[in-house]
Amino acid sequence: MKLVPLFDRVVLKQLVAEETTKSGIVLPGQAKEKPQQAEVIAVGPGGVVDGKDVTMQVKVGDKVIFSKYSGTEVEVDEEKYVVVKQNDILAVIE
């Protein structure tokens with residue numbers, strides 16, 4: 001199965017959270033925060049959304065930072081993804 005986003009939606013796959021801090025402390029499962037960094041898996045076509053013309057600024061393969069409480073988590077073929085609107089993406093990591 002393949003996810004194909006509509007309008008200004010973007011499908012993201014979250015990057016794996018580190019299990020140890022920079023100082024070497026190992027974090028237990030509950031203390032780990034979900035990463036806000038992700039890789040773009042699929043991008044919608046853009047178009048007119050709420051009366052405004054939307055041009056997509058990200059492309060497949062980009063590494064991005066997205067808003068902490070945004071998007072909808074979905075599971076497809078035992079893989080977890082997050083579907084967000086493009087304006088929930090804060091930055092592209094270069």
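The protein has a mean pLDDT of 86, and 86% of its residues reach 70 or more. The structure is a predicted model, and these confidence values therefore guide how its parts may be read: where pLDDT is low, the predicted coordinates should not be read in detail. Among the elements of the protein, strand 5 has the highest mean pLDDT, at 96, while strand 3, spanning residues 47–49, has the lowest, at 83.

The secondary structure consists of eight strands and zero helices. Followed from the N terminus, the elements accordingly read β-β-β-β-β-β-β-β.

Six strands form an open sheet in the order 6-7-1-2-5-8, and their pairing is antiparallel. As a general principle, strands of a sheet pair through backbone hydrogen bonds, in either a parallel or an antiparallel arrangement.

The individual pairings may be traced from strand 1, which comprises residues 9–14. Strand 1 runs antiparallel to strand 7, residues 79–85, and four bridges join the two. Within this pairing, Val11 has Val83 of strand 7 as its bridge partner. Strand 1 also pairs with strand 2, residues 37–43, in the antiparallel sense, here over five bridges. Lys13 illustrates this contact, its bridge partner in strand 2 being Glu39.

From strand 2 the sheet continues to strand 5, residues 63–66, through an antiparallel pairing over three bridges. In this pairing, Gln37 stands opposite Ile65 of strand 5.

The contacts and the surface can be described for the protein as a whole. Of the contacts with a separation of 6 or more, 64% are accounted for by residues 24 or more positions apart. Buried residues make up 26% of the 94 residues in the protein, where buried denotes a relative accessible area under 20%. The accessible surface comes to about 6800 Å², and carbon and sulfur atoms hold 52% of this area.

Methods. Residues numbered from 1 in each chain as written. Predicted model: local features only at pLDDT ≥ 70, side-chain atom pairs only at ≥ 80, totals over all residues. Heavy atoms only, no water. Pairing = 2+ DSSP bridges. pLDDT = per-residue confidence, 0-100. Buried < 20%, exposed > 50% of the residue type's maximum accessible area, 1.4 Å probe, protein only. Contact = heavy atoms within 4.5 Å. Areas by Shrake-Rupley, 256 points an atom, 1.4 Å probe, with all protein chains shown as cover.
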